[in-house]
Amino acid sequence: MNHRERVLTALAHEQPDRCPMQISFTPEFAVRLEQELRLRSPAEHNPHGGGSTYELERALDEDMLLTSVGWANSYYMAAGDYTDEWGVGWRSVEYETAFGTGRYTEISGHPLAEDSAIDRYRPPDPGRPELYAASRETLQRYGTEYWIVGVTVCTIFETAWALRGLDRLLMDFALNPELAERILDIPYRYHLEAAKRLVEMGVDMIWTGDDMGGQSAMVLSPEMWRRYFKPRMAAFYSTLKGINPRLKIAYHTDGYVD
């Protein structure tokens with residue numbers, strides 16, 4: 001049973017030879033693993049799925065290979081501070097570990113922080129062919145053996161609050177719903193177009209998701225979730241299923257969402 005067959009068997013609610021496996025790593029932990037396994041990866045690891053060699057994933061005998069298009073690729077783009085193509089500012093933060101100095105990125109600037117900014121804002125173009133070159137190579141090289149997952153995580157909410165600021169967007173939901181709708185549509189339309197192209201290319205699954213939970217409750221009320229997110233998610237998934245009815249869809253969220 002190869003990797004692809006293993007995932008298909010599990011999704012059919014049948015017993016595979018072992019549980020299918022997929023693991024994501026931050027770049028610094030990927031480097032440590034590569035050193036332990038004596039691998040020589042040619043590029044920095046993208047935790048959301050990037051590159052076309054997947055040397056670490058294959059060495060660990062993973063069954064699913066991720067290939068990502070979208071705002072989530074902005075994480076860990078550079079060693080220092082930077083601004084991504086969406087206009088979101090990032091700060092590189094160092095911390096000490098038992099294994100040396102580590103690094104993570106956190107958001108430091110929001111291009112739509114001011115209300116008037118949305119009228120002149122121009123998001124990136126999801127139709128650029130270069131965005132899909134790595135995904136196409138992944139499908140060609142590994143599509144018959146592995147389960148290939150097209151990743152468009154941070155699908156709506158997380159990209160929207162990165163653009164606006166979390167506190168401002170949450171207030172917009174209650175005080176300025178028209179502006180909130182306009183901001184949510186920016187990542188929704190971008191990631192829907194990216195997902196459509198990945199499905200047309202032949203990925204087996206689209207992985208979507210937004211972190212909707214905090215430590216003890218949702219970040220917003222279920223009523224607001226149903227107003228702002230449920231219709232967009234329903235349209236997102238039905239559009240993709242219209243392209244390929246056999247497509248599998250994964251949805252990720254962190255936090256308490258009971």
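**Entry 1: terms and model.** I take helices (H or I, at least four residues) and strands (E, at least two) as DSSP runs, numbered from the N terminus. The model is predicted, so I note that local features need pLDDT of at least 70, that side-chain atom pairs count only at pLDDT 80 or more, and that totals for chains, interfaces and linings use all residues. Residues are numbered from 1 along each chain as its sequence is written, and side-chain values use heavy atoms, with hydrogens and water left out.

**Entry 2: the whole protein.** I looked up the secondary structure and found nine helices and seven strands. Along the principal axes, the C-alpha atoms fill a box of roughly 55 × 45 × 40 Å.

**Entry 3: burial, contacts and surface.** I call a residue buried under 20% relative accessible area, exposed over 50%, and partly exposed in between (1.4 Å probe, protein chains only). Of the 258 residues, 45% are buried. A contact means heavy atoms within 4.5 Å. Among contacts with a separation of 6 or more, 68% are between residues 24 or more positions apart. The accessible surface comes to about 13,200 Å², and carbon and sulfur atoms hold 50% of that; such areas come from the Shrake-Rupley method with a 1.4 Å probe, and for residues only the protein chains shown count as cover.

**Entry 4: the sheet β2-β3-β4.** I count two strands as paired if DSSP finds at least two bridges between them. Three strands make an open sheet in the order β2-β3-β4, with antiparallel pairing. β2 (82-83) and β4 (100-109) are at the edges with a single partner strand each, so one side of each has no neighbour in the sheet. In general, strands of a sheet pair through backbone hydrogen bonds.

β2 is joined to β3 (residues 89-97) by two bridges, and Thr83 stands opposite Gly89 in β3. Their hairpin has five residues between the strands, and there Gly87 takes a positive phi near 90°. β3 and β4 share nine bridges; one pair I noted is Glu94 with Arg103 in β4. The hairpin of β3 and β4 has two residues between the strands.

**Entry 5: helix α5.** Is α5 (residues 157-164) mostly covered or mostly open? I found it mostly covered, with seven of its eight residues buried. The buried ones are Phe157, Glu158, Thr159, Ala160, Ala162, Leu163 and Arg164. They pack against β4, α6 (166-175), α7 (177-201) and β6 (205-209).

Entry 6: I looked up two residues here. Cys154 has a positive phi near 60° and is not a glycine. Cys154 lies in the loop between β5 (147-151) and α5, and is buried, with a relative accessible area of 4%. Asp61, also not a glycine, has a positive phi of about 65°. The loop that holds Asp61 runs between α3 (55-59) and β1 (64-68). Asp61 is partly exposed, at a relative accessible area of 36%.
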